[in-house]
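Good morning, everyone, and thank you for making the time.

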Amino acid sequence: MTTTSHEIIVLGAGYAGLIATARLARHTRKLNTRITLVNPSPRFVERLRMHQVAAGQELTDFQIPELLAGTGVEFRQAAATAIDPAARSVVLDDGTILRYDRLVYALGSTTDTSRVPGAADHAWTLDDPRTAHHFAQRLPEIAAAGGAVTVCGGGLTGIEAAAEIAEAHPGCPSHWSALPNPGP
């Protein structure tokens, strides 16, 4: 007698998605469960370390398939383009449709620069490694021109970003501003 497996799809392989996937794999390894982790990049992005990338440092290249080796988890390099909760399915950018019994939505967050006038044109966010790399490439030009960098935010990322930029570019004055949380 063959039973169908329980399908779990995890969307997103940041800290939350990768940890959820690893824990699910550990807790379901003796069950008839199949886990699929979907992420656009095979590289694990350490978002908490984007301040280091912005300051010009290179991070260790952790490859998701290597991190999942031996767990039984299937890794799919793709982006989810649609979720149909009624059909319990996810459409990937290559047209593949994955069916699920349980879905873990761990796609993270992004900074909305459209709400503050001028931010979209003049601010750099540390949400994404590509943006952080572009910012790192601009820092020497800013320093050479005698420009300044203002880091907004009083959380760990803001503090770390200001310190890393100041250390990596001592000729570029940096300012740190803790903006109040607007609340709910």
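Which residues lie nearest the centre of the second largest pocket? Before I answer, please keep in mind that what you see is a predicted model. The residues nearest the centre of that pocket are Gly 14, Asn 39, Val 45, Leu 107 and Asp 127, and they belong to a lining of 26 residues. The volume of the second largest pocket is about 710 Å³, and its lining is made up of 13 nonpolar, 8 polar and 5 charged residues. Helix H1, strand S2 (33-39) and helix H5 each contribute at least two residues to this lining, with H1 giving the largest share, 3 residues.

At least two lining residues come from each of helix H4 (119-122), helix H5 (129-144), strand S8 (149-152) and helix H6 (156-168), and by class the lining divides into 17 nonpolar, 13 polar and 5 charged residues.

Finally, I would like to return to helix H1, which spans residues 15-28 and includes Leu 24. Leu 24 counts as partly exposed because its relative accessibility is 24%, which falls between the 20% limit for buried and the 50% limit for exposed. Leaving aside residues up to four places away in sequence, Leu 24 touches Ile 8, Val 10, Ile 35 and Val 104. The C-alpha atom of Leu 24 is also 9.4 Å from that of Val 73, although 49 residues separate the two along the chain.

Notes:
Residues numbered from 1 in each chain as written. Predicted model: local features only at pLDDT ≥ 70, side-chain atom pairs only at ≥ 80, totals over all residues. Heavy atoms only, no water. Helix = DSSP H or I, 4+ residues; strand = E, 2+ residues; numbered from the N terminus. Buried < 20%, exposed > 50% of the residue type's maximum accessible area, 1.4 Å probe, protein only. Contact = heavy atoms within 4.5 Å. Nonpolar A, V, L, I, M, F, W, Y, C, P; charged D, E, K, R; others polar. 1 Å grid on protein atoms, 1.4 Å probe; cavity = no way out; pocket = protein on both sides within 12 Å on 5 of 7 lines; lining within 4 Å. Points joined across faces, edges and corners; volume = space filled by probe spheres on them.
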